[in-house]
Amino acid sequence: MEQTKTAVRFVKSDSLPPAPGYSQAVVTRPGRIIYVAGQVALDRSGKLVGEGDMRAQTQQAFENIKAALEASGAKFENVVKLNYYFTDTSQLPMVREVRDKFINTANPPASTAVEVRRLVRAEWMIEVEAVAVVPD
């Protein structure tokens with residue numbers, strides 16, 4: 001049995017369609033799994049950041065994910081899956097620009113992007129949730 005020090009392997013295969021900016025699959029070995037609830041553009045005091053500004057809201061959502069990961073003993077390099085729920089998928093290239101400041105772009109997490117009519121609060125434009133695996 002092959003032993004490896006890393007708990008995560010990002011899968012890239014010629015048998016799958018191209019995956020620009022994300023991995024088609026991620027294999028994890030034993031490790032601590034962290035599920036980060038959907039994060040929106042609320043600052044530490046609960047105030048909205050970037051009303052009407054998708055870039056500012058995305059930045060705040062990723063800052064919140066970073067804070068949740070750090071509070072859980074993890075880093076963005078441990079993220080294996082991101083789920084995006086946003087009100088305008090035409091903004092995906094800009095969302096990826098912000099995301100790329102946080103993730104390892106050589107091995108991006110597996111991702112799902114879903115356009116929704118609206119989020120729980122009408123002023124929210126994006127919600128992002130994450131799953132991370134920290135090696136034992």
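This is a predicted model: local features need pLDDT of at least 70, side-chain atom pairs count only at pLDDT 80 or more; totals for chains, interfaces and linings use all residues.
How exposed is E97, and what is its relative accessible area? E97 is partly exposed, at 46%.

**View 1. A salt bridge joins E97 and R55.** The two side chains meet with N and O 3.2 Å apart. E97 belongs to helix 2 (residues 92-99) and R55 to helix 1 (residues 54-71), so this view brings together distant parts of the chain, 42 residues apart. Like E97, which is partly exposed, R55 counts as partly exposed, with a relative accessibility of 38%.

View 2. R99 is buried, at 3% relative accessibility, whereas D100 is partly exposed, at 32%.

View 3. Strand 3 covers residues 31-39, and Q39 is found in it. Its relative accessibility is 19%, and because buried means under 20%, Q39 counts as buried. A polar atom of the Q39 side chain lies 3.0 Å from the backbone oxygen of A37. Looking beyond residues up to four places away in sequence, you will find Q39 touching A61, N64, I65, I126, E127 and V128.

**View 4. The largest nonpolar core holds 24 residues.** Those with the most contacts inside this core are F62, L69, F76, L82, Y84 and V128. At least two of its residues come from each of strand 3, helix 1, strand 4 (79-86), helix 2 and strand 6 (126-135). Another core, of 6 residues, lies apart from it and includes A7, V8, V131 and V133. As a bit of background, nonpolar side chains tend to be buried together in soluble globular proteins.

View 5. Leaving aside neighbours within four places in sequence, L82 is in contact with F62, R99, I103, P109, A110, S111, T112, V128, E129 and A130.

**View 6. F76 and F102 form a tilted aromatic pair.** Aromatic pairs in the model come to 5. In this one, the ring centres are 5.3 Å apart, with 45° between the planes. F76 lies in the loop between helix 1 and strand 4, and F102 in the loop between helix 2 and strand 5 (110-115), so the pair ties together parts that are 26 residues apart in sequence. Both residues are buried: F76 has a relative accessible area of 9%, and F102 is at 15%.

**View 7. Y84 and F86 meet edge-to-face.** Their ring centres are 6.3 Å apart and their planes stand at 75°, so the pair counts as edge-to-face. Y84 is buried, with 4% relative accessibility, and F86 is buried as well, at 0%. To finish the tour, ring pairs link F62, F76, Y84, F86 and F102 into a cluster.

Key
Residues are numbered from 1 along each chain as its sequence is written. Side-chain values use heavy atoms; hydrogens and water are left out. A salt bridge is a side-chain nitrogen of Lys or Arg within 4 Å of a carboxyl oxygen of Asp or Glu. Helices (H or I, at least four residues) and strands (E, at least two) are DSSP runs, numbered from the N terminus. Buried means under 20% relative accessible area, exposed over 50%, partly exposed in between (1.4 Å probe, protein chains only). A polar contact is a pair of N or O atoms within 3.5 Å; within protein, one must be able to donate a hydrogen and the other to accept it, and residues adjacent in sequence count only if both atoms are side-chain atoms. Contact means heavy atoms within 4.5 Å. A nonpolar core is a set of buried Ala, Val, Leu, Ile, Met, Phe, Trp, Tyr and Cys residues joined through side-chain atoms within 4.5 Å. Rings of Phe, Tyr and Trp (its six-membered ring) pair if their centres lie within 6.5 Å; planes under 30 degrees apart count as stacked, over 60 as edge-to-face and the rest as tilted.
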